[in-house]
Amino acid sequence: MIDIHSLAFSYRKGKGTPVLDRLDLRIPSGHIYGLLGPNGIGKTTLLHLLSGLKKPQMGEIRIDGNNPFDRHPSFLEHLAFVPDEMPGIREEPVDYALSRGRFYPAFSPDLFRSLLSVFNVDSAKRISAMSYGERKKTYIAFHIACQNTYLFLDEPTNGMDLSSKALFRKALAAHSKEDSTILIATHQLADIEDIIDSVILLDRKGEVLCLPIDEIGRRLRFEYDTVTRQDAVWTERLPSGCVQICPNPERAETRCHIGALYNAFYGRKEQLLQAMSKSDQLSDK
């Protein structure tokens, strides 16, 4: 479980606009989350803070009771962070993995080699000689093979072609532990919407939406048709018609359209949250 309380962070030590400001967030374990939001909203910063690479200026973070910034080895051996930019180390992939994998108790060399083959990465090529996409696949393969409890990925599909993106989704879904918590920060929603089961939408004012996708489909009604509905809080055109987001007092399960949810949250956030609250209130009566 990840617990975040009144978290604040600014890159100008309190003089500039905070990147994260009074953020309260509880992230239950055992889900694959899409960490979504526009540029500058704090997605990468949050991953750095969760990984213990930055220290909160206010508030606190606890992951299973641990403060990430303490960087205790017994905690870090169950956590991995794969940033967008990865170093070009002058080692071959297997040598790199065997030397670093000993710090992770569940690391599987056989799984790593298998994933390199799946990703079509030349294991005889030094990482420093690889393309950006090949390098990204190598590091992702390594951290999937570490079988960590927590895996944080920042823009993992950058530099990948379409086939590699499909292989990434397949590998992550097939080889992640059932109880692992995976956070994927990305602008490429189409690259991950088939594998995430929950979303986190950040807001500069500390308001955040963090829910399983199927629960969102019960709290809100997603209508797919061409008829405009009076109770819709958001309407978005699709090639085949439109999707509309409405209150869902009956809490009948509907298919959540993540793209429309994203646009509604950042376009009409107050109305969207009120619709979710209204649905909860009516369903309790």
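Modeller: About 330 Å³ of space lies in the largest pocket. The model is a predicted one.

Biologist: Which residues lie nearest the centre of that largest pocket?

Modeller: Leu79, Ala80, Phe81, Tyr104 and His143 lie nearest its centre, out of 18 lining residues.

Biologist: How does the lining of the largest pocket divide by class?

Modeller: The lining has 14 nonpolar residues, with two polar and two charged ones.

Biologist: What lines the largest cavity?

Modeller: Its lining consists of His143, Ile144, Gln147, Asn148, Leu151, His175, Ser176, Lys177, Ser180 and Ile182. By class, six of these residues are polar, three are nonpolar and one is charged. His143 is also among the residues nearest the centre of the largest pocket.

Biologist: What about the lining of the second largest cavity?

Modeller: The second largest cavity is lined by Val19, Leu20, Asp21, Leu23, Ile41, Asp203, Arg204 and Gly206. Four of the lining residues are nonpolar, three are charged and one is polar.

Biologist: Is Lys205 buried or exposed, and why?

Modeller: Lys205 counts as exposed because its relative accessibility is 65%, and the cut-off for that class is over 50%.

Biologist: What does Lys205 touch, not counting residues up to four places away in sequence?

Modeller: On that basis, Lys205 touches Asp21, Arg22 and Lys269. Asp21 also lines the second largest cavity.

Biologist: How many residues apart are Lys205 and Asp21 in sequence?

Modeller: They are 184 residues apart in sequence, while their C-alpha atoms are 6.2 Å apart in space.

Biologist: On to the sheet with S10, S11 and S12. What is the strand order?

Modeller: The three strands form an open, antiparallel sheet in the order S10-S12-S11. Strands S10 (220-225) and S11 (234-238) are at the edges; each has a single partner strand, so one side of each is left without a neighbour in the sheet. From one strand to the next, the twist averages 20°.

Biologist: How many bridges pair S11 with S12?

Modeller: There are five bridges between S11 and strand S12 (residues 241-247), in the antiparallel sense. Trp234, for instance, has Ile245 in S12 as its bridge partner.

Biologist: Which helix packs on the sheet?

Modeller: Helix H9 (residues 258-267) does, touching S10, S11 and S12. The direction of H9 makes about 140° with that of S11.

Biologist: Last topic, helix H1. How many of its residues are buried?

Modeller: Six of the eight residues in H1 (residues 43-50) are buried, and the helix is mostly covered. The buried residues are Lys43, Thr45, Leu46, Leu47, Leu49 and Leu50.

Note on methods
Residues numbered from 1 in each chain as written. Predicted model: local features only at pLDDT ≥ 70, side-chain atom pairs only at ≥ 80, totals over all residues. Heavy atoms only, no water. 1 Å grid on protein atoms, 1.4 Å probe; cavity = no way out; pocket = protein on both sides within 12 Å on 5 of 7 lines; lining within 4 Å. Nonpolar A, V, L, I, M, F, W, Y, C, P; charged D, E, K, R; others polar. Pairing = 2+ DSSP bridges. Helix = DSSP H or I, 4+ residues; strand = E, 2+ residues; numbered from the N terminus. Axes fitted to C-alpha atoms, helices over the stretch in contact; angles between N-to-C directions. Contact = heavy atoms within 4.5 Å. Buried < 20%, exposed > 50% of the residue type's maximum accessible area, 1.4 Å probe, protein only. Points joined across faces, edges and corners; volume = space filled by probe spheres on them.
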